[in-house]
Amino acid sequence: MSPEISELTITALRFGFLLLLWVLIFSIVTALRRDLAVGRRTRTGAPTARQARKHPEVAAPAPQSGRRPLRELVVIEGPLQGTTVELASSPILLGRAQESTLVLDDDYASGRHARLFPQGSRWFIEDLGSTNGTYLADTQLTRAAPVEPGVPVRIGKTVIELRP
């Protein structure tokens, strides 16, 4: 074997390795940008103008006449069964990420899985692009939906509900 071929092979391997590194860096940057964009969308409880046009029920909820206000979120099934979170006027982030309001110890939950947020006198839940989906009373969410008291919300093996 001549030295030119082995040197050519080594050069080709170096360029291949360099190309592989750039692909890896590009995919990391893309994932970070996507995660940061999700973080920007979940910081505020108020829907954006674009969300209000897409989902009018989020922008203008029906009034709750004669209903008691919801006071707590309760985990009724899963590893955190019995855990309660007091409801305030701020959104509740659900997922495995440590910055979540309710950190789910569930292999089927995404880092930033879903967001529960108040709008007027009602609470809504939206899936944040999770891998395994969020279910409201056995129906997979495709957009933000109002959550009624006692209606189960399933995220992986964890089931939660809102209570007055």
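Predicted model: local features only at pLDDT ≥ 70, side-chain atom pairs only at ≥ 80, totals over all residues.
Residues are numbered from 1 along each chain as its sequence is written, and side-chain values rest on heavy atoms, with hydrogens and water left out.

The chain contains three helices and 11 strands, where helices (H or I, at least four residues) and strands (E, at least two) are DSSP runs numbered from the N terminus. In sequence order the pattern is α-α-α-β-β-β-β-β-β-β-β-β-β-β. Of the 164 residues in the chain, 32% are buried; buried here denotes under 20% relative accessible area, exposed over 50%, and partly exposed the range in between, with a 1.4 Å probe and protein chains only. The accessible surface amounts to about 10600 Å², and carbon and sulfur atoms account for 57% of this area, as computed by the Shrake-Rupley method with a 1.4 Å probe. Among contacts (heavy atoms within 4.5 Å) between residues at least 6 apart in sequence, 46% join residues at least 24 apart.

Two open sheets are described here, with strands taken as paired if DSSP finds at least two bridges between them. Strand 7 (residues 135–136) pairs with strand 8 in the antiparallel sense over two bridges, and Tyr135 has Gln140 of strand 8 as its bridge partner.

The other sheet has five strands in the order 4-3-5-6-9, and its pairing is mixed. Its edges are formed by strand 4 and strand 9, each of which has a single partner strand, so one side of each is without a neighbour in the sheet. Strand 3 and strand 4 run parallel and are joined by two bridges, with Leu94 opposite Leu102 of strand 4; strand 3 and strand 5, by contrast, run antiparallel and are joined by three bridges, with Leu93 opposite Arg115 of strand 5. Strand 5 and strand 6 pair in the antiparallel sense over six bridges, Leu116 standing opposite Ile125 of strand 6. These two strands form a hairpin with two residues between them, and Gly120 in the turn has a positive phi of about 70 degrees.

Six of the six residues of strand 5 are buried, so this strand is largely enclosed by the rest of the structure. Ala114, Leu116 and Pro118 point one way from strand 5, whereas Arg115, Phe117 and Gln119 point the other way.

Leaving aside neighbours within four places in sequence, Leu162 is in contact with several residues, among them Leu73, Leu87, Leu116, Trp123 and Val147.

Three salt bridges were counted, each defined as a side-chain nitrogen of Lys or Arg within 4 Å of a carboxyl oxygen of Asp or Glu. In one, the side chains of Arg115 and Glu126 meet at 2.6 Å, N to O; Arg115 belongs to strand 5 and Glu126 to strand 6, so the pair ties together parts 11 residues apart in sequence. Both Arg115 and Glu126 are buried. Arg122 forms a salt bridge with Glu148, with the closest N and O atoms 2.9 Å apart. Arg122 lies in strand 6 and Glu148 in the loop between strand 9 and strand 10, so this pair ties together parts that are 26 residues apart in sequence. Arg122 is buried at 14% relative accessibility, whereas Glu148 is partly exposed at 24%. The side chains of Arg163 and Glu161 also meet in a salt bridge (2.8 Å, N to O).

His113, in the loop between strand 4 (102–103) and strand 5 (114–119), is buried with a relative accessible area of 0%. A polar atom of the His113 side chain lies 2.9 Å from the backbone oxygen of Gly133.

Notes. Polar contact = N/O pair within 3.5 Å; in protein donor to acceptor, adjacent residues only side chain to side chain.
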